[in-house]
Amino acid sequence: MKKIAVLFVMFGLISFGSNAQKASVADQVEIKTSAVCGMCKKRIERDLGLTKGIESANLNLDDKVVTVKFNPKKTNAAKIKQQISKIGYDADEVVANQKSHDALPDCCQKTAKAHVD
Ligand SMILES: [Cu+2]
């Protein structure tokens, strides 16, 4: 019975250790964007997915917040916001790059009314 208890404690330590390691590798940031529709979502997620140091990007169209997981050794929140601006969208306090914004389809620009795709 004692052996089993020791085994459980060891398992607990091992899984705790690997969780802690994961947490130190990836950071997460939530950024409010000016995305309008599903096309914006795809555009932002695809572009960020190809950006150095970013592990994943998931945009919630209900609140326009993109959740980005990134490697803090390779990038940071400020760089990610700059990248979103370059795609043509506002990112928190960083205003969208005007040229990129104007090149977006009409339905994806900031003046567009909410619509489905
Ligand atoms: Cu759009």
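The sheet is open and has 3 strands, ordered β1-β3-β2 with antiparallel pairing; strands pair if DSSP finds at least two bridges between them. Strands (E, at least two residues) and helices (H or I, at least four) are DSSP runs numbered from the N terminus. β1 (27-32) and β2 (54-60) are the edge strands, each with a single partner, so one side of each has no neighbour in the sheet. On average, neighbouring strands are turned by 15° against each other, direction ignored. This is a predicted model, in which local features need pLDDT of at least 70 and side-chain atom pairs count only at pLDDT 80 or more, while totals for chains, interfaces and linings use all residues. Residues are numbered from 1 along each chain as its sequence is written.

β2 pairs with β3 (residues 65-70) over 6 bridges in the antiparallel sense, and L59 stands opposite V66 in β3. Helix α2 (residues 38-49) lies across β2 and β3 and runs at about 170° to β2. Angles run from 0 to 180 degrees between N-to-C directions, with axes fitted to C-alpha atoms, for helices over the stretch in contact. Helix α3 (residues 77-87) also packs on the sheet, touching β1, β2 and β3, and its direction makes about 40° with that of β1. Contact means C-beta atoms, placed from the backbone, within 7 Å.

Which residues have the most contacts inside the largest nonpolar core? They are I44, A57, V68, I84 and Y89, in a core of 19 residues. Such a core is a set of buried Ala, Val, Leu, Ile, Met, Phe, Trp, Tyr and Cys residues joined through C-beta atoms within 7 Å; buried means 20 or more other C-beta atoms within 10 Å of a residue's own, C-beta atoms being placed from the backbone. Among the contacts of I44, not counting residues up to four places away in sequence, are A57, L59, V66, I84 and Y89.

How values were computed. Contact = placed C-beta atoms within 7 Å. Buried ≥ 20, exposed ≤ 12 C-beta atoms within 10 Å, placed from the backbone.
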